[in-house]
Protein chains: 2
Amino acid sequence: MRADAKKNYDQLLSVAREIVARDGAGASMRDVARQAGVGFGTMYRHFPTREALLEALLRNGFDAMTARANELEASSEPAEALLIWLRETVAAAHAYSGVTASMMAAIEDPGSALNGSCVAMQSAGARLLRHAQAAGMARSDIDGADLFALVGALAWLADQHTPAARADRLFDVIAGAILTVQTGVATVEHLATS
Amino acid sequence: MRADAKKNYDQLLSVAREIVARDGAGASMRDVARQAGVGFGTMYRHFPTREALLEALLRNGFDAMTARANELEASSEPAEALLIWLRETVAAAHAYSGVTASMMAAIEDPGSALNGSCVAMQSAGARLLRHAQAAGMARSDIDGADLFALVGALAWLADQHTPAARADRLFDVIAGAILTVQTGVATVEHLATS
DNA sequence: ACCTGAACACCGTTCAAGT
DNA sequence: ACCTGAACACCGTTCAAGT
């Protein structure tokens, strides 16, 4: 990549991060190009679709949640690890509003630029779920895709002007439906009041 | 209303029903006017905002779910009534995809044309919830707004290409988190396999 | 190799002009 | 009273022309 191209790429991404955080996943592409001081064509060269732009924006966060799952797997008890990971993943998905729908679509579409990061993140979550299930601490009739869908639903709820107190309560309701035991340190009740 | 105006109004609504069912809540307004054989201005006269059009489209369904709640309240045991109502309301909300977000927004915005039907429906659901709670059959730490949000989340999930089997399982997970007992005839497990 | 922006086909919404 | 559609200010996307 030529130096000027690299500069445009970085500028585009940095501007997109601001604009998508403000306007959500449906933000104006023209605005991004304009604010980055770059022609529309240049933007389409770097990011041929809106999804390609979202992908570049979200890949880091998704990969971080994948890594976080592995970290928690080593450092915490199964149920606690799952609970902490769920909460952090919902918060991460909520950072860019409207992005959960792209996430749900991408995981079933191998052609999507987001597919890789989504699949990796779902697999990492599924591992935490299986460990909790093996320890008898999570209900055994759900799988990684169910978990992913519930994270999506919680992030969607947080996007809908849901007050934080209600969002927290709904998280507890759903997390409580996944976990079948209290874990001592990081129970649903504990996290709710901390 | 003049006869020609009434005819346009009905035609607009009938066409909108088809188009919104197909393209979701973000469907093209121009398409609706065009397919109805009516000028844009005529459409804006009858429905000044997109929400006004959605309102006319959804009011019947929402009012039906309000009536259904009252009916179930009289005919069924508290937990069973709540469970049946939840399932039917999620299905009704899912009929027009993307509409759940408008629903969530409308209930907090008194200026919205959808506000009335939404509030009435939420109140009816809240009554069913309170009865189940009074009978010790539903968890007591949630309210009508929580219930409404969970219905929205389930309808949203159904909108995201979620396979029916997964959508049913997720309904059971969440319904099971609301209800604290099995009701005999219409348990979560029964409805899941019926 | 890369960048640019006019051009195209759309969109929501308004409002002067018509019957 | 009611209807119409040109007009305005947008949008996503492409592609010939430039450096």
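Student: How many nonpolar, polar and charged residues does the surface near DNA strand C have?

Tutor: Ala, Val, Leu, Ile, Met, Phe, Trp, Tyr, Cys and Pro count as nonpolar, Asp, Glu, Lys and Arg as charged, and the others, Gly among them, as polar. In this predicted model, the surface near DNA strand C has 8 nonpolar, 7 polar and 8 charged residues. The model is predicted, and local features need pLDDT of at least 70, side-chain atom pairs count only at pLDDT 80 or more, and totals for chains, interfaces and linings use all residues. Side-chain values use heavy atoms, without hydrogens and water; residues are numbered from 1 along each chain as its sequence is written, while chains are lettered from A and ligands numbered from 1 in the order in which they are written.

Student: Which residues are the closest to DNA strand C?

Tutor: A residue is near a strand if one of its heavy atoms lies within 4 Å of it. Here 23 residues surround DNA strand C, and the closest are Asn8(A), Gly41(A), Met29(B), Arg30(B) and Tyr44(B). Of the DNA strand C atoms within 4 Å of the protein, 53% belong to sugar and phosphate.

Student: Where does Tyr44(B) meet DNA strand C?

Tutor: A polar contact is a pair of N or O atoms within 3.5 Å. A side-chain N or O atom of Tyr44(B) is 2.9 Å from a phosphate oxygen, whereas a backbone N or O atom of Gly41(A) lies 3.0 Å from a base oxygen.

Student: How are chains A and B related?

Tutor: A rotation of 180° with 0.0 Å of shift along its axis superposes chain B on chain A, with RMSD 0.0 Å (least squares on C-alpha atoms of residues with pLDDT of at least 70 in both). The two copies are thus related as by a two-fold rotation axis.

Technical notes:
A polar contact is a pair of N or O atoms within 3.5 Å; within protein, one must be able to donate a hydrogen and the other to accept it, and residues adjacent in sequence count only if both atoms are side-chain atoms.
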